[in-house]
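Here are a few exercises to work through with the model open beside you. Try each task before reading its solution.

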Amino acid sequence: MAIEVRATRIGREWDATLSIGGESIRVRARTFAQITPLVQRALADAGHTGREVRVVTEYDDAKRGADHASAEAEVAAKMASEIRRSIIRKMRADGLSQDDIGAILGISRQRVSQLSS
């Protein structure tokens with residue numbers, strides 16, 4: 001199980017704290033990327049080697065929300081593409097030209113060609 005490290009930005013530095021075995025460990029870092037190696041070094045100095053570290057910040061909930069929204073947008077984009085391809089196949093089967101399909105769908109004739117293949 002990973003050791004959770006709580007990192008907060010104070011001025012121009014990160015302040016990271018954790019508790020392990022009743023002991024509190026605190027490190028300061030200039031950049032977020034420096035936190036994990038500094039914490040691992042502090043853990044090793046305290047006799048806690050080989051432990052996985054997970055750094056959490058006040059921004060984690062917002063990041064999870066953005067990641068979720070991105071995943072949903074990707075699914076929606078794939079669905080829209082599949083629907084558009086299906087419509088183009090139907091229009092082509094009905095004898096519409098690429099120019100007409102493009103005009104109806106609001107895309108270029110070249111894009112119609114790409115989506116047709």
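**Exercise 1. In what order do the four strands of the open sheet lie, and which are the edge strands?**

Step 1: go across the sheet, and you get β3-β2-β1-β4, with mixed pairing. Strands here are DSSP runs of E with at least two residues, helices are runs of H or I with at least four residues, and both are numbered from the N terminus. Two strands count as paired if DSSP finds at least two bridges between them.

Step 2: look for strands that pair on one side only; these are β3 and β4, the edges. From one strand to the next, the twist averages 25°.

Step 3: Contact means heavy atoms within 4.5 Å; axes are lines fitted to C-alpha atoms (for helices, over the stretch in contact), and angles run from 0 to 180 degrees between N-to-C directions.

A word on the ground rules: this is a predicted model, where local features need pLDDT of at least 70 and side-chain atom pairs count only at pLDDT 80 or more, though totals for chains, interfaces and linings use all residues. Residues are numbered from 1 along each chain as its sequence is written, and side-chain values use heavy atoms, leaving out hydrogens and water.

**Exercise 2. How many bridges join β2 to β3, and what sits in the turn?**

Step 1: count the bridges, and you find seven, with the two strands running antiparallel. Asp-15 has Arg-28 as its bridge partner, and Ala-16 has Val-27.

Step 2: check the turn. The hairpin leaves two residues between its strands, and Gly-21 there has a positive phi of about 55°.

Step 3: ask about exposure. Gly-21 is exposed, with a relative accessible area of 79%. The cut-offs, with a 1.4 Å probe and protein chains only, are under 20% for buried and over 50% for exposed, with partly exposed in between.

**Exercise 3. Which residues have the most contacts inside the largest nonpolar core?**

Step 1: define the thing. A nonpolar core is a set of buried Ala, Val, Leu, Ile, Met, Phe, Trp, Tyr and Cys residues joined through side-chain atoms within 4.5 Å.

Step 2: the largest one has 16 residues, and Val-5, Leu-18, Ile-35, Val-39 and Leu-43 have the most contacts inside it. Two or more residues each come from β1, β2, β3, α1 and β4.

Step 3: now find the other core. A second, separate one has five residues, among them Ile-88, Ile-101, Val-112 and Leu-115.

Step 4: zoom in on Leu-43. Leaving aside residues up to four places away in sequence, its contacts include Ile-3, Leu-18, Ile-25 and Val-53.

**Exercise 4. How far does helix α2 reach, and what do its buried residues pack against?**

Step 1: α2 (residues 60-93) has 34 residues and reaches 49 Å from first C-alpha to last, close to the expected 50 Å. That expectation is 1.5 Å times one less than the number of residues.

Step 2: pick out the buried residues, Asp-60, Ile-88 and Met-91. The buried residues of α2 pack against β4, α3 and α4.

Step 3: step past the end of α2, where Gly-95 takes a positive phi of about 90°.
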